[in-house]
Amino acid sequence: MNIWQMNFWKVFLAGGPIMWPILISSIWALAIVIEKLWYLRKIKINSTYFLRNILEKLKQQRIKEAIYDCDKTLSPVGQILKAGILKHGKSRQDIKEAIEDASLYEIPILEKNLAVLATIAHISPLLGLLGTVTGMVSCFNAIQLKSTASHPVSPGDLAGGIWEALLTTVAGLVVAIPVFITYNYLVGRVNSMILEMEKAATELVNFLTE
């Protein structure tokens with residue numbers, strides 16, 4: 001029977017106390033990933049179409065309608081454009097500063113918890129390594145006790161420590177690999193959205209200061 005066919009709880013307990021922080025890290029990472037995917041899906045819009053619609057209303061001097069549309073959308077693109085529209089008639093510098101101020105608020109919301117996800121991806125294999133070390137310490141402790149008592153050391157005396165060492169290493173990597181892949185995917189999604197915000201802001205500034 002291989003490890004994947006064994007009872008999860010027995011395998012988990014055999015991994016020793018380090019398995020608990022690894023488990024907590026995996027649950028925490030899963031919660032962040034689910035929340036982040038849900039949030040990014042909720043705020044996703046066709047920014048090109050949205051911007052075209054806003055600019056068309058501005059051309060027709062329907063400024064209040066344009067602001068209303070920006071308020072109605074959940075996307076940060078809308079909030080960035082709203083900040084610029086509210087400075088309609090001001091200088092280019094004033095409009096850009098308003099948009100930059102709005103970005104300082106919107107971008108951290110987009111990036112929220114990504115640093116935590118990166119931390120989990122990095123510490124999970126380290127926790128596995130720590131479990132490996134504690135498992136080997138248990139092995140040498142068993143050898144020392146047997147030697148002191150003048151008893152021969154059997155494979156069974158070392159199996160527990162070696163089992164703990166290997167299981168924690170596996171657990172740490174099983175958590176770290178998918179978390180790291182998902183982290184990079186989410187960073188790509190966030191960066192893409194920030195790029196959309198920058199493009200929309202630039203077009204709006206150019207339009208308002210023509």
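Guide: The model is predicted. The accessible surface of the chain comes to about 12600 Å², and carbon and sulfur atoms account for 64% of that area.

Visitor: What makes up the nonpolar surface patch of about 440 Å²?

Guide: Ile123, Leu126, Leu129, Val133 and Val137 make this patch. One of its members, Ile123, lies in helix 7, which spans residues 114-148.

Visitor: Why is isoleucine 123 called partly exposed?

Guide: Its relative accessibility is 33%. Buried means under 20% and exposed means over 50%, so isoleucine 123, at 33%, counts as partly exposed.

Visitor: How many of the residues of the chain count as buried?

Guide: Of the 210 residues, 36% count as buried. The largest nonpolar core has 46 residues. Ile54, Leu58, Leu81, Ile85, Leu110 and Leu204 touch the most other members of that core.

Visitor: Which helix gives the most to this core?

Guide: Helix 8 does, with 14 residues. Leucine 204 touches Leu55, Leu58, Leu81, Gly84, Ile85 and Ile99, leaving aside residues up to four places away in sequence. Contact here requires heavy atoms within 4.5 Å.

Visitor: What is the secondary structure of the chain?

Guide: It comes to eight helices and zero strands, and the elements run α-α-α-α-α-α-α-α from the N terminus on.

Visitor: What share of the contacts between residues at least 6 apart in sequence joins residues at least 24 apart?

Guide: The share is 76%.

Note on methods: Residues are numbered from 1 along each chain as its sequence is written. This is a predicted model: local features need pLDDT of at least 70, side-chain atom pairs count only at pLDDT 80 or more; totals for chains, interfaces and linings use all residues. Side-chain values use heavy atoms; hydrogens and water are left out. Patches are made of residues with over 30% relative accessible area and no salt bridge: like charges are joined within 9 Å, nonpolar side chains (Val, Leu, Ile, Met, Phe, Trp, Tyr) within 5 Å. Accessible areas come from the Shrake-Rupley method with a 1.4 Å probe; for residues, only the protein chains shown count as cover. A salt bridge is a side-chain nitrogen of Lys or Arg within 4 Å of a carboxyl oxygen of Asp or Glu. Helices (H or I, at least four residues) and strands (E, at least two) are DSSP runs, numbered from the N terminus. Buried means under 20% relative accessible area, exposed over 50%, partly exposed in between (1.4 Å probe, protein chains only). A nonpolar core is a set of buried Ala, Val, Leu, Ile, Met, Phe, Trp, Tyr and Cys residues joined through side-chain atoms within 4.5 Å.
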